[in-house]
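Reader: Could you walk me through how to read helix packing and a chain interface? I would like the general idea before the particular case.

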Amino acid sequence: MLKAMLGEAWQAMGANRLRSGLTMLGMVIGVGSVVLMLAIGQGAQYSVAQTISTMGSNLYIVISGSTSAGGLRSGSGGGPTLTIADAEAIAELDGVANVAPVQQGTQQLVHGPNNWSATVVGTTPPYLEARAWTLQSGYPFGDSDVRAATRVALIGQTAADNLFPNEDPLGQTVRIRQNPFVIIGVLARKGQNLDGRDQDDTLIIPLTTAQRKVFGNPFPGSVRMIMVQATSAEAMPAVEASMVALLRQRHRLREGQDNDFFLRNLAAAADSAAETTRVMSLLLGAIASVSLLVGGIGIMNIMLVSVTERTREIGIRMAIGARQRDILAQFLFEALMISVAGCLIGLFVGVGGALLTNALTDMVIVISGTSVLVSFAVAAGVGVFFGYYPARRAAALDPIEALRHQ
Amino acid sequence: MSAAVIRTLGLGKTYQTAAGSFPALQGVDLSIGNGEFVAIMGPSGSGKSTFMNLLGCLDTPSSGDYFLVGRNVAHLGRDELAALRNRCIGFVFQGFNLLPRMSLEDNVALPLVYAGCRRDERRQRARRELARVGLAGYEGARPNQISGGQQQRVAIARALVNAPQLILADEPTGNLDSHTSAEIMGLFTDLNRQGISIVLVTHEADIAACAARQVRFRDGLLVSDEPTSRETPC
């Protein structure tokens with residue numbers, strides 16, 4: 001019975017190929033765009049997640065700042081309020097994994113005839129760990145390099161490509177403000193950060209060397225910012241509270257007095273970036289779903305036409321013993337067949353479009369099994385939903401009237 | 001009366017129209033025994049089509065009772081009526097009413113689909129009925145590839161395929177030339193001899209003459225019910 005009905009539905013579809021094809025096209029476009037949009041949306045989510053993971057996890061940045069002198073308030077980084085001793089004190093707190101004071105700025109790097117402007121980061125060894133940054137070759141500098149203010153450097157990929165286009169940077173010398181630095185390590189590639197800045201366009205040197213030889217520091221022992229990594233996401237609120245309390249105490253701030261430092265939670269920034277892309281991919285999916293809906297309405301429309309055209313056939317079938325549910329099932333099957341066939345083609349079109357997008361642009365796309373399954377289920381649902389009303393109309397026809405229909 | 005295939009008691013049908021209620025059929029008492037061949041005659045508007053629709057379980061009466069093979073079917077629901085049409089009644093229409101997209105075999109087998117038969121059984125029985133009406137070898141043809149007389153034979157095969165006790169034929173020769181009509185009537189006579197009851201609506205006297213009994217309607221009333229007078233075999 002089921003097989004006979006499927007066969008008949010197939011025949012009915014074949015009887016009007018152009019019409020079935022055009023109706024199907026509505027579903028193809030609907031499902032195709034849902035699959036494509038989900039792939040692009042999920043791709044965006046994926047690449048944001050990738051970017052976030054290159055940033056290092058559970059990070060705080062404490063920035064020295066805001067001194068008020070006679071009503072004049074400077075912004076962040078405005079005053080030398082943070083010290084290396086602050087960093088050492090923070091490292092003693094519970095739940096803190098890594099602490100790295102950072103002094104950074106843009107400097108002109110020179111190697112032989114090449115010169116290149118890059119971000120120079122002066123810091124201590126925990127910095128690499130906090131940012132989950134590995135070396136591609138060479139080795140990192142140690143605490144003794146910081147103590148002795150040695151002129152060693154770790155170079156990022158972009159800076160290396162520009163300064164050493166044809167040679168291995170390891171062991172070479174880079175000059176910053178006439179000071180030679182020996183490159184002892186090459187950093188692994190990280191890509192862009194959330195702001196779109198190239199994280200690989202950098203040179204990392206010991207903090208002390210940076211302060212004495214590169215940036216100069218009128219306030220010995222002070223530092224512009226401190227990077228703090230908590231042991232886990234759960235530990236972050238506690239770390240934040242105890243860090244603020246510690247710094248206020250160390251800076252002798254009275255009750256009611258503003259903090260003389262800023263705390264930036266990079267995890268929160270990451271969360272909001274992730275949330276933005278999530279909303280974007282939802283929006284893409286929602287817009288694509290509208291075309292699926294339009295496809296469904298197309299099915300309903302064509303099924304209604306089909307029921308009217310085939311009124312006499314319905315009458316004949318009823319006369320020879322088709323029950324209402326047989327007629328209902330027949331037209332539902334036809335609607336379902338069009339939508340499922342359209343959906344299958346749409347899946348190919350969507351996946352093909354996604355692959356094409358990936359090939360032609362550098363957009364990341366992610367085709368997940370779930371999104372494919374969901375759009376398939378939705379399409380089948382659309383077929384049943386929009387096929388039901390016409391099928392119901394067919395089944396409710398009066399056999400005598402239907403037989404008389406010309 | 002248990003041998004009666006059809007028995008109606010005070011059967012009536014009233015249509016509600018904008019101009020008020022219109023009695024299409026009033027108080028018809030008729031009994032048709034097993035194996036009878038009855039012609040129903042009457043001018044258009046006489047109520048004979050309404051009566052046929054009621055006999056064919058395509059419609060339900062406004063009043064009275066209708067016993068089909070001993071069972072009162074006057075108050076059954078749509079799906080039960082559909083099952084009765086499927087199992088107990090074979091329909092033959094004036095316009096043949098074959099499904100144009102299907103092969104003859106599939107057309108004949110269609111009632112068996114709704115009866116829930118398996119595919120191989122449907123195929124076997126459809127082929128047997130096609131052979132019975134003289135169309136063996138035409139299984140794969142489409143209705144538009146054969147003549148009107150052949151199409152009506154296919155329709156008869158379809159009416160026979162589920163082995164009904166009753167065949168209702170509504171002007172079966174109305175679209176056919178006289179030679180073909182005679183052939184079709186010969187087929188009906190054959191089937192009647194094999195024990196199938198046949199009720200035939202016609203307004204042609206020579207067609208009605210094939211039946212053993214003639215029932216006339218006028219203005220919604222059964223006005224005469226008599227055996228065919230002439231002894232001419234048709």
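**Reading helix packing and an interface**

Author: Gladly, and let us start with a contact: Met13(A), Gly14(A) and Ala15(A) in α1(A) meet Arg17(A), Ser20(A) and Met24(A) in α2(A). By class, that contact of α1(A) with α2(A) holds 3 nonpolar, 2 polar and 1 charged residues. Please keep in mind that this is a predicted model.

Reader: At what angle do α1(A) and α2(A) pack?

Author: In general, two packed helices are described by the angle between their axes and the distance between the axes. Here, helix α1 (residues 2-15) of chain A packs against α2(A) at about 100°, and the axes are 5 Å apart. An angle of 65 to 115 degrees counts as roughly perpendicular, and α1(A) and α2(A) are therefore roughly perpendicular to each other.

Reader: How does α2(A) pack with α11(A)?

Author: Helix α2 (residues 17-55) of chain A and helix α11 (residues 324-360) of chain A have axes 6 Å apart, at an angle of about 40°. The pair α2(A) and α11(A) is therefore oblique, and the crossing is right-handed. Their contact divides into 16 nonpolar, 9 polar and no charged residues.

Reader: And in chain B, which residues of α3(B) and α4(B) meet?

Author: From α3(B), the residues are Leu104(B), Glu105(B), Val108(B), Ala109(B), Leu112(B) and Val113(B); from α4(B), they are Arg122(B), Arg123(B), Arg125(B), Ala126(B), Arg127(B), Glu129(B) and Leu130(B). Sorted by class, this contact has 7 nonpolar, no polar and 6 charged residues. As for geometry, helix α3 (residues 104-115) of chain B and helix α4 (residues 119-132) of chain B pack at about 120°, with axes 8 Å apart. That angle makes α3(B) oblique to α4(B). The crossing of α3(B) and α4(B) is right-handed.

Reader: How many salt bridges are found across the interface?

Author: The rule finds 2 between chain B and chain A.

Conventions: Residues are numbered from 1 along each chain as its sequence is written. Chains are lettered from A and ligands numbered from 1 in the order in which they are written. This is a predicted model: local features need pLDDT of at least 70, side-chain atom pairs count only at pLDDT 80 or more; totals for chains, interfaces and linings use all residues. Side-chain values use heavy atoms; hydrogens and water are left out. Axes are lines fitted to C-alpha atoms, for helices over the stretch in contact, and angles run from 0 to 180 degrees between N-to-C directions. Helices (H or I, at least four residues) and strands (E, at least two) are DSSP runs, numbered from the N terminus. Angles under 35 degrees count as roughly parallel, over 145 as roughly antiparallel, 65 to 115 as roughly perpendicular and the rest as oblique. A crossing is left-handed if the near helix is turned anticlockwise from the far one by less than a right angle, and right-handed if clockwise. Ala, Val, Leu, Ile, Met, Phe, Trp, Tyr, Cys and Pro count as nonpolar, Asp, Glu, Lys and Arg as charged, and the others, Gly among them, as polar. A salt bridge is a side-chain nitrogen of Lys or Arg within 4 Å of a carboxyl oxygen of Asp or Glu. Contact means heavy atoms within 4.5 Å.
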